[in-house]
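Here are some exercises to work through with the model open beside you. Try each task before reading its solution.

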Amino acid sequence: ITGDGWEVSLTNFMIPSGSSSDGNEWLYCVSLVFRKPRVSIQSKRSRKYLSEQEIELECVNKLVSDEGVSQSRSDMNQEFQSPLVETESDGVKSRKMIVSSEPSEFNRKLQEQRWSQSVDSSSDVIVGLAVVSDRNETYRMRETLSTVFSDFCRKNLCQPLVDILGNFSNSCVEETCLQSILEPYLSFTAAKWVDRPIRDQGLQFSEISGTQLMQSLPAVPLALLFVTILLEQKVVLASSRRGMLMAASDAIMQLLKPLQWKHLLVPLVPESMMNDLVHYPAPFILGIPTDEKKSAEILSSLPDDVTLVDLDVGRVMLASKFVHDDSSASDGPGAAAGALRSQVLFLAESLGGIVGGAVDDSWASDSPLQIIPHDNNNKVDDFVSIRNICHDFILELLSGVHSCCLWIEEKCVEECTNGNEPAIVFDEKRFLSIKSLRSEGLNLSLFQDKQVDVSRSEFCLGVDKFDLILDAFLRTQSLSNYISHGGKQSMMFW
């Protein structure tokens, strides 16, 4: 909350693109949102220290043209050159912004009346700015909006930027004005990435997302979340920080590699869809913000087969019923459920010990307006260590999978017009036998990969202790997808 009573949030989120023809299923977004509650105590306190005249001096009262501004902003300077300048005319000081072309209508509306003074204060006032891309440029977009905020909102005051954004509520202002305002900030942040591939931004964002997830969950709950997602259960991520929901969703996808989540994924669920989606019959990962009106009621009455992950408190409440429960067990429907749940908890405890030994024990929440703390490089390295542990665990789990597959394809004697659809048969008994032998150290690959770490042997799951987990894993869509993408040459074929 700033000195003039505005609540500020810088939030990352994703929305479906509506078209996957170009390979991009998501639109990546970052929003900078200002909200002033109907009763603002903080605002009243700030007036003791800043007068209306002092606040007015911080506000931008005009956008002025500078023909050379576009050229000067395109240079790859190390330090940001603010387009905001302070001028003085006839002893009166004012703050102006240099833009590539002067917008007459925008200036006229800006000087008529401040938007923050014209809106109805009897209800909450909300204004914001969002940047959208069809590629994962979240890191750059977040840095852009963070730079905009820090440049406009000096002395802990948001009114200068709020009035600029609110002025766009007038339909008569120039459409190109917003581009002119953001141009210097976009150019500055783009200069850092101009010589690097776009995927580097995605990797940078993924590491930061992983760091935020790691700081929100201790080692054992983090391991429990990983195992739960690996077995494709229904998971709800809950947090009052919307950016944390997207970060956690992205980090989980990183931990699952080389497997892929093939079920419903909604990092930020709209309030109108919450009740319907938590009763979705198939596995899902949903992000529910806890500050919505319906959130408390929905989170307190989740179905029995939904696992709740509270990212603000740092705990995972495991579902009492699993998606892959075998209700036909001889000891009754609840026996298999309890046994599988016990195995999951035991595995998470063991895996959490390995994770906890590789990273710092401390954990904390993230700062919403911070791109990444300057002293957080060690935390990023810690997440890389966790990602490597999960990667080794999954590789060990997948060991021997292709040797259990049989590719069956019918060969046409005559030329086929539609082609033949091959079938893949998986030998589950052979797979479980391999897992049993590997847990005893009696099964090794014929051709050893030089990059394989011998420490992976500690991740071997024996059938005697983890039979239900292995059986549940065999039913996952991610394993089916992994096998089907392995290709004919990776397995026996007939």
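**Exercise 1. Where does S180 lie, and is S180 buried or exposed?**

Step 1. S180 belongs to helix α8, residues 177–191. Helices here are DSSP runs of H or I with at least four residues, strands are E runs of at least two, and both are numbered from the N terminus.

Step 2. The relative accessibility of S180 is 7%, so S180 counts as buried. The cut-offs are under 20% relative accessible area for buried, over 50% for exposed, and partly exposed in between, with a 1.4 Å probe and protein chains only.

Step 3. Setting aside residues up to four places away in sequence, S180 touches V99, S100 and S101. Contact means heavy atoms within 4.5 Å.

A note before going on: this is a predicted model, in which local features need pLDDT of at least 70 and side-chain atom pairs count only at pLDDT 80 or more, while totals for chains, interfaces and linings use all residues. Residues are numbered from 1 along each chain as its sequence is written, and side-chain values use heavy atoms, with hydrogens and water left out.

**Exercise 2. Describe the surroundings of S133.**

Step 1. At 9% relative accessibility, S133 is classed as buried.

Step 2. Look for polar contacts, which are pairs of N or O atoms within 3.5 Å; within protein, one atom must be able to donate a hydrogen and the other to accept it, and residues adjacent in sequence count only if both atoms are side-chain atoms. The S133 side chain makes one with the side chain of E137 at 2.8 Å, and it reaches the backbone oxygen of R135 at 3.1 Å.

Step 3. Beyond its neighbours within four places in sequence, S133 contacts L27, Y28 and M141.

**Exercise 3. How do α6 and α7 meet?**

Step 1. Two packed helices are described by the angle between their axes and the distance between the axes. The axes of α6 (residues 138–152) and α7 (residues 159–166) come within 8 Å and cross at roughly 120 degrees. Each axis is a line fitted to C-alpha atoms over the stretch in contact, and angles run from 0 to 180 degrees between N-to-C directions.

Step 2. List the residues: V148, F149 and F152 of α6 meet P160, L161 and I164 of α7.

Step 3. Check how covered α6 is: 14 of its 15 residues are buried.

**Exercise 4. Which strands pair with β10?**

Step 1. Two strands pair if DSSP finds at least two bridges between them. Strand β7 (residues 234–239) pairs with β10 in the parallel sense over five bridges, with K234 opposite V306.

Step 2. β10 also pairs with strand β11 (residues 315–317), in the antiparallel sense over three bridges. Here L308 has M317 as its bridge partner.

Step 3. β10 and β11 form a hairpin with four residues between them, and G314 in the turn has a positive phi of about 90 degrees.

Step 4. Five of the five residues of β10 (residues 306–310) are buried, so this strand is largely enclosed by the rest of the structure. V306, L308 and D310 point one way, while T307 and V309 point the other way.

**Exercise 5. Which residues does K257 touch?**

Step 1. K257 sits in the loop between α11 (242–256) and β8 (264–266).

Step 2. Not counting residues up to four places away in sequence, K257 touches H391 and I394. K257 and I394 are 137 residues apart in sequence, yet 7.9 Å apart in space, C-alpha to C-alpha.
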